[in-house]
Amino acid sequence: MPAIDAVGEFETIQRLFKPLAHPEWARGLADDVAALPSRPGYDLILTKDALVEGVHFLPEDPLDTLAQKLLRVNLSDIAAKGAVPFGYLLACHWSERCGWPEREAFVAGLRRDQALFDIYLLGGDTVSTPGPLTFSVTMLGWVPAGRAVHRGGAKPGDVVFVTGTIGDGWLGLQACQGTLKLEQDRLDYLCRAYRQPLPQTEFADAILKSATASADVSDGLMADAGRIAEASGVCIELDLEVTPLSAAADSWFAGRVDEEAALEQLASGGDDYQIIFTVPASQEEAMRREADRRHVRLTRVGQVVEGNGLVVRYRGEDVTPAKTGWTHD
Ligand SMILES: Nc1ncnc2c1ncn2[C@@H]1O[C@H](COP(=O)(O)OP(=O)(O)OP(=O)(O)O)[C@@H](O)[C@H]1O
Ligand SMILES: Cc1ncc(C[n+]2csc(CCOP(=O)(O)O)c2C)c(N)n1
Ligand SMILES: [Mg+2]
Ligand SMILES: [Mg+2]
Ligand SMILES: [Mg+2]
């Protein structure tokens, strides 16, 4: 039996990860692969996102909420397709600072979100690195065959909706860094939004029912709207002044002199993990009722017209944002 604080690859897999594994498909995390039975009538949806220390999270971020964020950024992509998640593959690149307590904390976060979102660990990889702490997850989900909602289906005449609020993740990073001056409860809310964003998994069936195109908002509201426009071969007009803000974001916004610049920052900051989607105008009211029923905030942020790319407006005037979203250069 290895010492309780041994941090080798096999101790980590067998003692920490095995209790999280799917009872059949993960093969006890003791095989070369996982093996899933196919599900007749459904398509398998797969997505992968990584988190890198210093790029996606702060060195001082707790490991348990980091594990939750790792699952949630991937759950968000699955929800945006109208799919239901069931399991994931996990790669951990542990840096030198990650001993047994850090790994246990990470696993506690995974366990919490596995229960919350009804998903299982299917397999993965465990390595050490002299570089920054890095994780990646491949999330798997099911969607009725042929029904996944892609980025490319928006049509002129559709309306553009976004769930939840925009800008909390971007402000939350600053709140966690201690560079934002707001009341403490506002700072706490924003920091939580950055560390534990809540993906809209319970809205996936509404997306599946009525959306013509959909994507999650990870890079920025404007950038992700632009990707739907590009994939659909249409123009999306976004009205910046209706960007939905939380009470905390609103109190930050109230202190800004240049409102347009502030909205551009919120709508390009990213880390929102909301869903931006399009529906035919005839479905607008039905979609609002679906959202009300689920207690999901829904905001009409624009419309789809003939043309190409993104047009951003502020109080009816076209504007040219300095940037539309996050990019890895
Ligand atoms: N290294 C890669 N190899 C293969 N496909 C990739 C690679 N990187 C990205 N992709 C693919 O490119 C497409 C866009 O990826 P992107 O990461 O921008 O989407 P996203 O996950 O929705 O956004 P975000 O990363 O901001 O959350 C996806 O189909 C993704 O699978
Ligand atoms: C420390 C720190 N600095 C900056 C950011 C902002 N950020 C980084 S990547 C990204 C887009 C989504 O990632 P990806 O496109 O890789 O999926 C955003 C908004 C952060 N989260 N943490
Ligand atoms: Mg990605
Ligand atoms: Mg993503
Ligand atoms: Mg996405």
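Me: What makes A145 exposed?

Reply: In this predicted model, where local features need pLDDT of at least 70, side-chain atom pairs count only at pLDDT 80 or more, and totals for chains, interfaces and linings use all residues, A145 has 11 other C-beta atoms within 10 Å. A residue is buried if 20 or more other C-beta atoms, placed from the backbone, lie within 10 Å of its own, exposed if 12 or fewer and partly exposed in between, and A145 is therefore called exposed. Residues are numbered from 1 along each chain as its sequence is written, while chains are lettered from A and ligands numbered from 1 in the order in which they are written.

Me: Where is A145 found, and which residues is A145 in contact with, leaving aside its neighbours within four places in sequence?

Reply: A145 is found in the loop between β4 (134–144) and β5 (158–163), strands being DSSP runs of E of at least two residues and helices runs of H or I of at least four, numbered from the N terminus. Apart from neighbours within four places in sequence, A145 is in contact with G41, Y42 and D43, contact being C-beta atoms, placed from the backbone, within 7 Å.

Me: What makes α2 oblique to α3?

Reply: The axes of α2 (residues 63–80) and α3 (residues 100–117) come within 6 Å and cross at roughly 40 degrees. Angles under 35 degrees count as roughly parallel, over 145 as roughly antiparallel, 65 to 115 as roughly perpendicular and the rest as oblique, so α2 is oblique to α3. These axes are lines fitted to C-alpha atoms, for helices over the stretch in contact, with angles from 0 to 180 degrees between N-to-C directions.

Me: Why is α4 called roughly perpendicular to α5?

Reply: The axes of α4 (residues 168–177) and α5 (residues 184–195) come within 7 Å and cross at roughly 110 degrees, which is why α4 counts as roughly perpendicular to α5. The contact is made by residues including L171 and C176 of α4 and L187 and Y194 of α5.

Me: How many residues does the contact take from domain 1 and from domain 2?

Reply: The chain is divided into domain 1 (9–144) and domain 2 (151–319), with bounds from an automatic or database domain assignment. The contact takes 18 residues from domain 1 and 19 residues from domain 2, and on the side of domain 1 that touches domain 2 the largest share, ten residues, comes from helix α2.

Conventions:
Contact = placed C-beta atoms within 7 Å.
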